[in-house]
Amino acid sequence: QVQLVESGGGLVQAGGSLRLSCAASGSIFRIDAMGWYRQAPGKQRELVAVISRGGSTNYADSVKGRFTISRDNAKNTLYLQMNSLKPEDTAVYYCNMGVSITLMSVTSTYWGQGTQVTVSS
């Protein structure tokens, strides 16, 4: 009933920038927290950044000062601006949202399909 579609990944040289987007569609009443996660080959999925409905943010230490998470509540869309990219940022990036489909329903977690980000040295 709810789909998250990511876009914006690709190949970039070290020091470059990319902007990821994640658009939610379907039966949506309210979206609470949103976040970006990433998973590099052979590693566990890790939190990159999260943002509350009110705009409060939290970042992994490894991306602080380089990445910026933002959201557009009217468009049900999440963004991740990634600057000063490093080869160690190479991973599949996933978006995550806490969605309620009605006023009385509980919040369920939905994931995007993932988008590949590759940073060459």
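In the predicted model, a salt bridge joins the side chains of D89 and R66, with an N to O distance of 2.8 Å. D89 is located in the loop between β8 and β9, and R66 in the loop between β6 (57-59) and β7, so this contact ties together parts that lie 23 residues apart in sequence. Both D89 and R66 are buried; for D89 the relative accessible area is 1%.

D89 also forms a salt bridge with R38, at 3.0 Å from N to O. This pair connects distant parts of the chain, since R38 belongs to strand β4 (residues 30-39) and is 51 residues away from D89 in the loop between β8 and β9. R38 has a relative accessibility of 6% and therefore counts as buried. A further salt bridge links R38 to E46, where the closest N and O atoms are 2.7 Å apart. Through shared partners, R38, E46, R66 and D89 are united in one network of salt bridges. The model contains five salt bridges by the criterion applied.

Strands β7 and β8 also take part in an open sheet of four strands, arranged in the order β1-β3-β8-β7 with antiparallel pairing. Because β1 (2-7) and β7 (67-72) each have a single partner strand, they stand at the edges, and one side of each is left without a neighbour in the sheet. Neighbouring strands are turned against each other by 15 degrees on average, direction ignored. Within this sheet, β3 (residues 18-26) and β8 (residues 77-82) run antiparallel and are joined by six bridges. S21 stands opposite Y79 in β8.

Key: Residues are numbered from 1 along each chain as its sequence is written. This is a predicted model: local features need pLDDT of at least 70, side-chain atom pairs count only at pLDDT 80 or more; totals for chains, interfaces and linings use all residues. Side-chain values use heavy atoms; hydrogens and water are left out. Two strands pair if DSSP finds at least two bridges between them. Helices (H or I, at least four residues) and strands (E, at least two) are DSSP runs, numbered from the N terminus. Axes are lines fitted to C-alpha atoms, for helices over the stretch in contact, and angles run from 0 to 180 degrees between N-to-C directions. A salt bridge is a side-chain nitrogen of Lys or Arg within 4 Å of a carboxyl oxygen of Asp or Glu. Buried means under 20% relative accessible area, exposed over 50%, partly exposed in between (1.4 Å probe, protein chains only).
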